[in-house]
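Subject: Structure handover

Hello,

Here is the structure I said I would pass on. Please look through it alongside the notes that follow.

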Amino acid sequence: MSEALWTPSPERVIKANMTEFLRYVEERGGPPVPDYSADSYWQLHEWSIANPERFWSLAWRFCGIIGHRGTGGGAERVGVGLDNMGPPDTETGPRWFPDASLNFAENLLRFTDDQPALVSWNEEGHQRTVTYLELREVVGTLAHALTVAGVRSGDRVAGWLPNIPEAVIAMLATASLGAIWSSCSPDFGAQGVMDRFGQIEPKILFAADGYFYNDKEIDLLPRLRQIAFRIPSLEHVVVTPYRKQMPDLDGVRRGLLWSRFIATQWGIAGNKQTAAGGGVKKTPPEGILKRTPPEAVRSQFAPSEAQLKNIEFERFPFDHPLYIMYSSGTTGLPKCMVHSAGGTLIQHLKELILHTDLKREDCIFYYTTCGWMMWNWLVSALAVGVKVVLYDGAPLSPTPNILWDMVVAEGITVFGTSAKYLALLEKAGALPRKSHDLSKLKAILSTGSPLPDNSFDYVYSKIKADVHLASISGGSDIISCFVLGNPILPVYRGEIQTPGLGMAVDVFDERGRPVRLIPGELVCTRPFPSMPIAFWDDPDDTKYRAAYFEHFPGVWRHGDWAEITRHRGYIIYGRSDATLNPSGVRIGTAEIYRQVEQLPEVIESVAVGQEIDGGSHGDVRIVLFVKLQPGITLDEALCERISSRLRENTTPLHVPKKIIQVEDIPRTISGKISELAVREVIHGRPVKNTEALANPQSLKLYERLEKLRD
């Protein structure tokens, strides 16, 4: 059995929120805690699965969720129909906290002091800081403008924005009204945006005039003109000036600058009240309009604490819709998944407070765009009162040190990134351990794709030895994680530490039987609060059932190929639909990438199965495409080194029949390699939605390849 790469110190275990929660549950009738060993956690996890109503009730209280639980006998009614694992139904369930009501924004805006709430960075460094007091003010100001503009509970408000404070402000203002927020990254093309927002018919669109990436300034206004024209439901297009102070909005249908939209709506409200005999102020608080656009959120208007406490948030049912998230869209029009306010909140706080050990004094960062669920997850940290750092730009621009400079400058304690970033950092020879003071850093989180063994080694040898490295995995489908970190358990090479509390995660073989120490389908066998409450425009749940419940009836099949280890941890090998099947043996693509990408010549790779004999016998041969370092050409010697490494460290079946050099590898806009797109192209089949790709032009590199014809 392998030794742990990291074990938390006894002092760290004692101080962890997870340990406090173990005691909290024990004192309220949960499993006994003789010590704070791994066994204590696994007893708690088993108890949380067997007693979901008690567990989620205690999680609500421990995490300090603001809301009404109900009255009388309904106060402790936590679940309805929890034996029904399928799309939620009003009558049969599964439903959570059916008598409860809350407001998502109220929970994230609970703090009203001068501590930093949002810190904004881009490739040029620190841009601005917004305190909790200022954040609550500007959210209230915008929420009032949205109300006057006709936004009501259940309306959709969309954001096509960089990762800047205005995105958070617009989301919170939307959520405060019970409206539904949905966002896309600005690197989506016009068609990609319309494929998503066109389905949900938003009333308001928040956008920026442009953004910065890899030392380039990208103008969004030409695309915005198309989007505004082609989504007829839009009544207002609100543009935040990010590139220029006064961008030209000529041709943007119903377009207004952020400050002008607020001033106009406040003016309308003032005129209505004046006509009715009132004396309400017609302009927003002093400072909102006078400052230059990037400073507009830093108003000097500071209402008293008493005034802030008097701000009323309407509370909505626990399962009231909050977010609409999207599938990748690489196999057709993206599916629109609707997530509830209560389910999102309780799941995020469980993961942030217990599994990430987040406390008020912490500072958290995750490298993400507004089109990835990690943005939603990151923003929920405001409910803990921490400093949340936003970054807009390329992760290695202008230098590979930019994010580590930010870690030091802001005192970041929890650093979130992707497996790809860590791989690129290692290839670049970066040594953050030597170049930066990382004494405050306590955790590094990684997601987006499986974290290979060598990246675990790199983190502990080149970044920091005493750090909690938490590989995490879930998805937009559940807006959270199935498996993730645990601050009181050891970290083992190549493994995700644990399933989340309350999550009945398992691995099944093709017959639906639990398996250990061999790969299978990642599943969840019991309901959980952050399941989508519905798919948009899916009244009979046909799309919902097809996505998760048709493979194993009554069981959520997530679509990941995974294995449960001897330590009860998890290894993710890739997507199930991208697994390779040579000679009838299923192989996860990550098993190949982990070996190949350790070679210094290889930047990244993509492996697909090419159908043999037209696919008539169901067999495939593995084809490996490699992107190499500049100036290196694939030759027989390198091909043999790749094959030998795979043969020695995996099995002969993992060795590709063809290895081909390419200049680029297609990725989705969220940064994931698109094996399915490559597979379709090499077989001459159309890729249904290239708008979902960040670099669709790369697909041409895989068309009609002579090397694949023999």
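A charge is taken to sit over a ring if NZ of Lys or CZ of Arg is within 6 Å of the ring centre and within 35 degrees of the ring normal. Arg69 lies over the face of Trp60 in this way, 5.1 Å from the ring centre. A second case is Arg586, which lies over the face of Trp561 at 3.9 Å from the ring centre.

Please keep in mind that this is a predicted model. The protein chain has an average pLDDT of 91, and 93% of the residues score at least 70. Over residues 279–283, however, the pLDDT is below 50. That stretch still has twelve contacts in the model beyond near neighbours in sequence. Residues 285–309 also stay under 50, and for them the model has 47 contacts beyond four places in sequence. Where pLDDT is low, the predicted coordinates should not be read in detail.

Aromatic pairs

The structure holds 34 aromatic pairs. One of them joins Tyr24 and Phe62 edge-to-face, with 5.2 Å centre to centre and 65° between the planes. Tyr24 belongs to helix H2 (residues 17–27) and Phe62 to helix H4 (residues 52–62), so this pair ties together parts that are 38 residues apart in sequence. Both Tyr24 and Phe62 are buried. Phe55 and Trp56 form another edge-to-face pair, at 4.8 Å centre to centre and with 70° between the planes. Phe55 and Trp56 are both buried as well.

Elsewhere, ring pairs link a cluster made of Phe482, Phe528, Phe535, Tyr544, Tyr548, Phe549 and Trp556.

Salt bridges

Side chains of opposite charge can pair when their charged atoms come close. With a side-chain nitrogen of Lys or Arg required within 4 Å of a carboxyl oxygen of Asp or Glu, the count comes to 30 salt bridges.

Arg95 forms a salt bridge with Asp319, and their closest N and O atoms are 3.1 Å apart. This pair links distant parts of the chain, 224 residues apart: Arg95 is in strand E2 (residues 95–96), while Asp319 is in the loop between strand E13 (316–317) and strand E14 (321–326). Asp319 counts as partly exposed because its relative accessibility is 25%.

Arg243 pairs with Glu217 in a salt bridge whose closest N and O atoms are 2.6 Å apart. Arg243 lies in the loop between strand E11 (236–240) and strand E12 (255–257), and Glu217 in strand E10 (residues 216–219), so the bridge ties together parts that are 26 residues apart in sequence. Is Arg243 buried or exposed? Arg243 counts as buried because its relative accessibility is 17%, and buried means under 20%. Glu217, with a relative accessible area of 46%, is partly exposed.

Asp453 forms a salt bridge with Arg493, the closest N and O atoms being 3.5 Å apart. Here too distant parts of the chain are linked, 40 residues apart: Asp453 is in helix H17 (residues 453–463), and Arg493 is in the loop between strand E22 (480–484) and strand E23 (498–499). Asp453 is partly exposed, with a relative accessible area of 25%. Arg493 also counts as partly exposed, at 36% relative accessibility.

Finally, salt bridges that share partners join Glu611, Arg679, Glu680 and Arg685 into one network.

Regards

Methods:
Residues are numbered from 1 along each chain as its sequence is written. This is a predicted model: local features need pLDDT of at least 70, side-chain atom pairs count only at pLDDT 80 or more; totals for chains, interfaces and linings use all residues. Side-chain values use heavy atoms; hydrogens and water are left out. Helices (H or I, at least four residues) and strands (E, at least two) are DSSP runs, numbered from the N terminus. Buried means under 20% relative accessible area, exposed over 50%, partly exposed in between (1.4 Å probe, protein chains only). Rings of Phe, Tyr and Trp (its six-membered ring) pair if their centres lie within 6.5 Å; planes under 30 degrees apart count as stacked, over 60 as edge-to-face and the rest as tilted. pLDDT is the predictor's confidence in each residue, from 0 to 100. Contact means heavy atoms within 4.5 Å.
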